[in-house]
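Dear colleague,

I am passing this structure on to you, and I would be grateful if you could look through it before reading my notes. The notes below take the confidence scores, then the pairing of the chains, then a pair of helices.

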There are 2 protein chains.
Amino acid sequence: MEKEEKKLSILVSNDDGILSEGIAVLVRELQTIATVTIVAPESQQSAVGHAITVHRPLRVREVKKEDQFFGYAVDGTPADCVKLAIRHLLPQKPDLVISGINHGSNTAVSIIYSGTVSAATEGTILGIPSFAISLTSFESNVDFSYAAKFARKLAAIIAEKGLPKGTLLNVNVPHLPEKEIQGVVITKQGKSIWNDEFEARRDPGNRQYFWLKGELVELDVDEDVDQRAILNNKISITPIQFDLTNYEMMDELRKWMIEP
Amino acid sequence: MEKEEKKLSILVSNDDGILSEGIAVLVRELQTIATVTIVAPESQQSAVGHAITVHRPLRVREVKKEDQFFGYAVDGTPADCVKLAIRHLLPQKPDLVISGINHGSNTAVSIIYSGTVSAATEGTILGIPSFAISLTSFESNVDFSYAAKFARKLAAIIAEKGLPKGTLLNVNVPHLPEKEIQGVVITKQGKSIWNDEFEARRDPGNRQYFWLKGELVELDVDEDVDQRAILNNKISITPIQFDLTNYEMMDELRKWMIEP
C-alpha cells in the first residue's frame, strides 16, 4: 500500500473477547484504511455494563496470530481495555475508537447492559470519536463481512466529520447479504424491555440456584426506533450520550421545594 | 407503631454489600415508615456499572443479624439483586426501590460506573420509582445517620408524588452534621472526568500488572452541577434517565445521508 500523508489510527475493542471472529473480521477490513491497534478482553464479557476494575490490578498479554503480533488481551472489561489503551498502552490518542463487531444486537434497554457499547462510551469519555457496531444475529454461524465493510465506511465518514463531544454512535447491522439491506436509519433507543424470568434449579447437593432468561418484548411502534429498523432489514445508527440528566425533570423537581 | 391503611413497601439494595453499615443505617430509618425488604450483593461491587450476570446462575442466601432475618444476599451485581427481587423473590412489586447508602459520592461521569446507581436504574426499568443515595465521603469512619433521615424524607415525598416513567433520582448528601447542610439543589450531571493513570508494577515473578488510580478533575463552573452542590455543602438531587438517545444529533446525522 502506498504511504498516505497521515494514516488514520483506530483503537479496536469489543466484549466478545480478543479471539472472537467479529473483531478479526473488523480489523482486517479497517487495516485497509488505518493503522489498527487491538486492545480487547481475554474472555467473553457480555452484559458487563460500564464496569471498570478497581479492586484488583489488570494484566496485559500480547496475543499472536500466525506468528504475527495481533493485539493486547486484558483480563478486564471492555471499558478497562479502552482506558488502559488510551491512558497507557498507546503512544498517542487514536483518531477513532471502534467496538465490535458484536455477535448479537445491542438495542433498546440492552445498550445499558452492553459491554460493546461501554467500550465506545469510554472512548467518548476520553474525548475520541467512537462507535459500537453489532451484527443482529445470535445464530452460531454468522457472516461478519458486510458489517465490517460498513464499519470501514462509517469510520471514514466520522474521521472526516467528527462527532460532538460526549456523543457516540450505536450501530446495528442486520444479518443479511449486502444486496438485501434496505437502507440506513438514524434511530432513537427503543423502549422495549426484557421479560426477565429466573428459572430456579437444584444442584446435586439440593441447593437452589437461579438462571436468568427472557426475551426483549417489542414495545415500540415508531419506525425510527433501533429494534424496528432492524426488523425492517435496515442498518440502525443511534446517537447516544453519557449525560444522563433528564433536564425537563429538573424544573419539575425544583417545584417540589425539597428541604434538607 | 399504629397500623396504617396500606404501609409503604420498599426494596433496598446497594453496591457496598449486604453487610455494609450504609445499608443497615438506611434500613433502620426506612422501617419507621415502611415494610423494607433487603436484597443486596454478598460482596462489595463498586464500579460494576450496569452489569448483569448471564453466563452463570445466581445463588441467594438468607442473612441473619442478631438471630433475626435481615435480608437476601445475592452472589451477583446490584442490578442482579433488583431484577431477582422484583422478578422472583418478592410476592409483589414494591412501591419504591432505594439503593444505598453508598460510602462515597456518585457524581459526574462516575454515575456511569456506579453500581449504586445501577440498582436504582434497574428498579426504574422495571417500572418502580427509584433513587440512589450516596454519602460523599471516602473516609473510613463516617456517620450515615443524617443521609438516612433524608432518604426517609425523600421516600415519603416520592411515594406521594411519583416519578415520571424512565426517570430516577441520584442523590448525594455531604458528610456534615445536619445543621451545617446548606440546602437541597436540583442538579445536572457534571462534566468532570477522571484523570486516570495506570501504575505499572512487577509481581515477585517479574510479571507486570497495572493498578488504576486517579481523581475526578473538576471541569464544571455552573452552580447547579452535582459535584459543585456538594462542595457548597448542599444535598444534590439529579434526575437521570436510561434513554441515552441524543435527539438533537439525530437530525444532524440524517443530513449525512449515510448509505449502506
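**Confidence and conventions**

The model as a whole scores ipTM 0.92 and pTM 0.94. This is a predicted model, in which local features need pLDDT of at least 70 and side-chain atom pairs count only at pLDDT 80 or more, while totals for chains, interfaces and linings use all residues. Residues are numbered from 1 along each chain as its sequence is written, and chains are lettered from A and ligands numbered from 1 in the order in which they are written.

**Where the chains meet**

Chain A gives 64 residues to the contact and chain B gives 63 residues, two residues being in contact if their C-beta atoms, placed from the backbone, lie within 7 Å. On the side of chain A that touches chain B, the largest share, six residues, comes from strand β13 (residues 235-241) of chain A, strands being DSSP runs of E with at least two residues and helices runs of H or I with at least four, numbered from the N terminus. That side of chain A divides into 39 nonpolar, 15 polar and 10 charged residues, with Ala, Val, Leu, Ile, Met, Phe, Trp, Tyr, Cys and Pro counted as nonpolar, Asp, Glu, Lys and Arg as charged, and the others, Gly among them, as polar.

**Helices α2 and α4**

In chain A, the axes of helix α2 (residues 78-89) and helix α4 (residues 115-125) come within 7 Å and cross at roughly 25°, the axes being lines fitted to C-alpha atoms over the stretch in contact and the angles running from 0 to 180 degrees between N-to-C directions. The two helices α2(A) and α4(A) are therefore roughly parallel to each other, a label given to angles under 35 degrees. A:P78, A:A79, A:C81, A:V82 and A:K83 in α2(A) meet residues of α4(A) that include A:G115, A:T116 and A:E122, and by class this contact has five nonpolar, four polar and two charged residues.

Helix α4(A) is mostly covered, with 11 of its 11 residues buried, that is, with 20 or more other C-beta atoms, placed from the backbone, within 10 Å of their own. After α4(A) comes A:G127, with a positive phi near 85°.

In chain B, helix α2 (residues 78-89) and helix α4 (residues 115-125) pack at an angle of about 25°, with their axes 7 Å apart.

With best wishes

How values were computed: Parallel < 35°, antiparallel > 145°, perpendicular 65-115°, else oblique. Buried ≥ 20, exposed ≤ 12 C-beta atoms within 10 Å, placed from the backbone.
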